Structures are given as structure tokens and as C-alpha cells.
Amino acid sequence: MAFYRRNLPHLQFVGAEYFVTFRLYGSLPGHIIMELNELRKQLGIWDENVTPSENKQKMDRLIRNKFESYLDKSLYGPQWLRKSSIAEIVEEAIHFRNGRLYELYAYSIMSNHVHMVFQHIEHKSKIKSTDHLLLKDFPVTKILADLKKFTAGKCNRRLGRRGHFWQAENFDRLIRNNKELENCIRYTLNNPVKAGLVEYWDNWPHSYCKPEFFDSI
């Protein structure tokens, strides 16, 4: 297990299930990030009628909802993922790592961000020195760093550009129970529906759901 904090807190257990969001570079300007940080400080005043754990979950949920609402509006920055050829590069990379670094449950690729739900695969065999991704510390951060580095280079070449493609920091949420898992999968798949892009989640061309979760959506 490892914990660290940058602008966002990151709690990562080996072999656990996660809901993650990563976004394009510049998709949220500095003043929005400052607003979210200030909101987090304001929400730091706990409700004495509930437990500290419940308070933290409530605070994280409010921050996450605010963060997601800004991304969904696509008011700022580039929207390269709107191009099918770019979204397909990201899709291919996500599926390539399925079964090796994680068990993929669901994803949805939007115009400026990506949602994924997966279970990290704990490798019990001897770790090769060349495979830094299998180290136990910060497994989700390392998985996404590799995924983003690979797709950034390929997408930039396709777009004929250079420079930052993805924002450095990700949002990652440790999933603690089955109800939370279902909610995260449902949220991920319904993101295009909520944005008014399609009527049903499976009409969106850049979404995926593992078949065993169909009945719970």
C-alpha cells in the first residue's frame, strides 16, 4: 500500500479495484484548480454528527463531482479525443494492457478526458528489472504513466504536433465495496449520456464494459 498527495490524494493498494480519470493537458485552467483546492479547504470543516470516514467520503465526492462537471462541459483547452482516430489510439492501448497490468471492467473516452474502472493485477512472480510497472509502490500511478506516455507520443504524431498531451496528475479512487464498484461502472458508461452525446451508453463508440457487468448497469 502507498499514499501520497499532490493536488489530489492518492491511496493505492496492490491488487485493489479503482476508478480513475485522466485528462488532456490544459483541459482545466489554473483558476479552476485553485477554486477546487479552496473548496477542499472549506470542506475541511467536519460535520460532527458523522464519522471522520463519512466526512472524508462526503468531501471527496463533492470535489470529484465539481471536477467532473467542469470536464464534462468541455469549456477549456483542447478536445483532441473528439477525433475518432485519436480516441482509437487510446482504446487500443487500454485493451493492450488488459490482462497484464489490470483486469479491465469499463472505460469511456470523452472529448478531453478518460474514465476507467479496473482491478490492478498483483504479480506474484519474480519481477524483471526491466518492468518497472510491476513494482508494488503506487501501482495505479505507474500504470497510467506508462499508458499516457505511450499514447501521448502516438497521438501527437497523428496530430502533427509536439508538447504536452496529458495532464500529469490523475484522479484515482480506491473502490471499497461492490455497491461502489457498480456505481463507478455506471457513472463511467453513462458519462456520454449525461453529456447529451447519445441516448444509451452502448451507442457511444468509445466505451467498453466487461460483459459480466451488463446486468448491473
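**Exercise 1. Which residue of strand 7 stands opposite Ser108?**

*Solution.* The structure is a predicted model, in which local features need pLDDT of at least 70, side-chain atom pairs count only at pLDDT 80 or more, and totals for chains, interfaces and linings use all residues. Residues are numbered from 1 along each chain as its sequence is written, and side-chain values use heavy atoms, with hydrogens and water left out.

Step 1. Helices (H or I, at least four residues) and strands (E, at least two) are DSSP runs numbered from the N terminus. Strand 4 covers residues 102-109 and runs antiparallel to strand 7, joined to it by three bridges; two strands pair if DSSP finds at least two bridges between them.

Step 2. The residue opposite Ser108 is Ser207.

**Exercise 2. Determine the strand order of the sheet and locate the helices on it.**

*Solution.* Step 1. The open sheet has five strands in the order 6-3-5-4-7, with antiparallel pairing. Its edges are strand 6 (171-175) and strand 7 (207-209), each of which pairs on one side only.

Step 1. On average, neighbouring strands are turned by 20° against each other, direction ignored. Axes are lines fitted to C-alpha atoms, for helices over the stretch in contact, and angles run from 0 to 180 degrees between N-to-C directions.

Step 2. Helix 4 (residues 139-159) touches strand 3 (17-23), strand 4, strand 5 (113-120) and strand 6, and its direction makes about 40° with that of strand 3. Contact means heavy atoms within 4.5 Å. Helix 5 (residues 178-194) lies across strands 3, 4, 5, 6 and 7, at about 35° to strand 4.

**Exercise 3. Why is strand 6 described as largely enclosed by the rest of the structure?**

Step 1. Strand 6 is largely enclosed because four of its five residues are buried (under 20% relative accessible area, 1.4 Å probe, protein chains only).

How values were computed
Buried means under 20% relative accessible area, exposed over 50%, partly exposed in between (1.4 Å probe, protein chains only).
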